[in-house]
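Welcome! Take a moment to look over the sequence and turn the 3D view around before reading on. The notes below walk you through the main features, topic by topic.

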Amino acid sequence: MLKELDPLLHSQLRLGVMSLLMGAESAEFTFLKEKTNATAGNLSVQLDKLSEAGYITIEKTFRGKKPLTRCRITRKGIKAFEEYVQALKGYIK
Amino acid sequence: METNDDRLSAQQSLTLIESMIRQAKGKASGNSFYFLLWGWVIAVCNFGMYYLMKFSPYPNYAPAVWMLTIPAWVVTMIYGARQGRSQGIISHLDQVNKWLWIAMAITITPAWLFGEKINWMVNAIILMPVGAATFVSGVILKFLPLRLGGIVFWAAGILCYFLDPVDQYLVGGFAIILGYLFPGYLLRSSRE
């Protein structure tokens, strides 16, 4: 029987963000925006959803006077991502 | 990626994951700043130590030249903090490279602090781990001159076992220039 795919990850933008963060130690909001081609508003909403689920942490600081947002995947996020990929393999086979 | 609830096929998901991970991973930034800063500081300390121990009337004060490393640490920490904030992405390899050099610094610091207890045979001890860190940095950054620099340090470290403590500082100074500063400048010109 096929495992259900995590609905939080099974969306293009959130999956894109999680994949980027899986390959990096941390990434800035602007980097994620550039790589995913998302709008700032949409990306911000999706990051909040991932953060509320405990999949990522969002650190807000300042660079000079400009706000700086840096995201990092959590252990829970890594586990969820790995489980998602495992479940995905079932669909591919 | 405009929408947030669009349904993906399994194959689309995998393709997306592969593409994103490829973009994020596997690149270390290869900043030459630390190589140039520490290359010059350690070269000056080595040559200074050699000169003061060999030619000055106050050889006992020679170890004081290593105080130069204190401002170098301060500059390193300030620069590192600013750099960390200004990079769009910090890759795993950046982290590995950073911790490699922090671990190396911890490994060699006792030799500097307690050098007197080993009759200042410091370079014979510290050049080997410095060689290892330089070589591995070369592997991480995929930069051949740093790997060759690591080999220079290993050769210099072995040579030091056959020299008296004062002459070891001369070898250490030249090893830093060849194994660290020279690759550092090449790294800077290659990444500009």
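Which residue forms a salt bridge with A:R70, and how far apart are the closest N and O atoms? The partner is A:E28, and the closest N and O atoms of the two residues are 3.5 Å apart. Because A:R70 lies in strand β3 of chain A and A:E28 in strand β1 of chain A, this pair ties together parts that are 42 residues apart in sequence. Please keep in mind that you are looking at a predicted model.

**Chain A at a glance**

- Chain A has 4 helices and 3 strands.
- A box of roughly 55 × 25 × 20 Å, taken along the principal axes, is filled by the C-alpha atoms of chain A.

- Now find the open sheet, which is formed by 4 strands in the order β2(A)-β3(A)-β1(A)-β1(B), with antiparallel pairing.
- Its edge strands are β2 (56-63) of chain A and β1 of chain B, each of which pairs on one side only.
- On average, neighbouring strands of this sheet are turned by 20 degrees against each other, with direction ignored.
- As background, strands of a sheet pair through backbone hydrogen bonds, and they can do this either parallel or antiparallel.
- Helix α1 (residues 12-22) of chain A lies across β1, β2 and β3 (66-73) of chain A, and this helix runs at about 80 degrees to β3(A).

**Strand by strand**

- β2(A) and β3(A) run antiparallel and are joined by 8 bridges.
- Along this pair, A:K60 stands opposite A:T69 in β3(A), and A:F62 stands opposite A:P67 in β3(A).
- These two strands, β2(A) and β3(A), form a hairpin with 2 residues between them.
- In the turn of that hairpin you can find A:G64, which has a positive phi of about 65 degrees.
- β1(A) and β3(A) are antiparallel too, joined by 2 bridges, and here A:A27 stands opposite A:C71 in β3(A).
- To step from one chain to the other, follow strand β1 (residues 24-28) of chain A, which 3 bridges join to the antiparallel β1(B).
- At this crossing, A:S26 has B:I90 in β1(B) as its bridge partner.

**Where the two chains meet**

- How many residues does each chain bring to the contact? Chain B gives 29 residues and chain A gives 34 residues.
- The size of an interface is often given as the accessible area lost when the parts come together.
- For chain B and chain A, the buried area is about 2800 Å², and carbon and sulfur atoms give 58% of it.
- On the side of chain B that touches chain A, α1 (10-24), α3 (69-86), β1 (89-91) and α4 (92-113) of chain B each supply at least two residues.
- The largest share of that side comes from α1(B), with 10 residues.
- Sorted by kind, the residues of chain B on this side are 11 nonpolar, 12 polar and 6 charged.

**Charged and polar pairs**

- Side chains of opposite charge can pair when their charged atoms come close.
- Over all chains, the count comes to 4 salt bridges.
- Between chain B and chain A, however, the count is 0 salt bridges.
- Across this interface, 1 residue pair is found in polar contact, with both residues at pLDDT 80 or more.

Note on methods: Residues numbered from 1 in each chain as written. Chains lettered and ligands numbered in written order. Predicted model: local features only at pLDDT ≥ 70, side-chain atom pairs only at ≥ 80, totals over all residues. Heavy atoms only, no water. Contact = heavy atoms within 4.5 Å. Buried area = accessible area lost by both parts, 1.4 Å probe. Salt bridge = Lys/Arg side-chain N within 4 Å of Asp/Glu carboxyl O. Polar contact = N/O pair within 3.5 Å; in protein donor to acceptor, adjacent residues only side chain to side chain. Nonpolar A, V, L, I, M, F, W, Y, C, P; charged D, E, K, R; others polar. Pairing = 2+ DSSP bridges. Axes fitted to C-alpha atoms, helices over the stretch in contact; angles between N-to-C directions.
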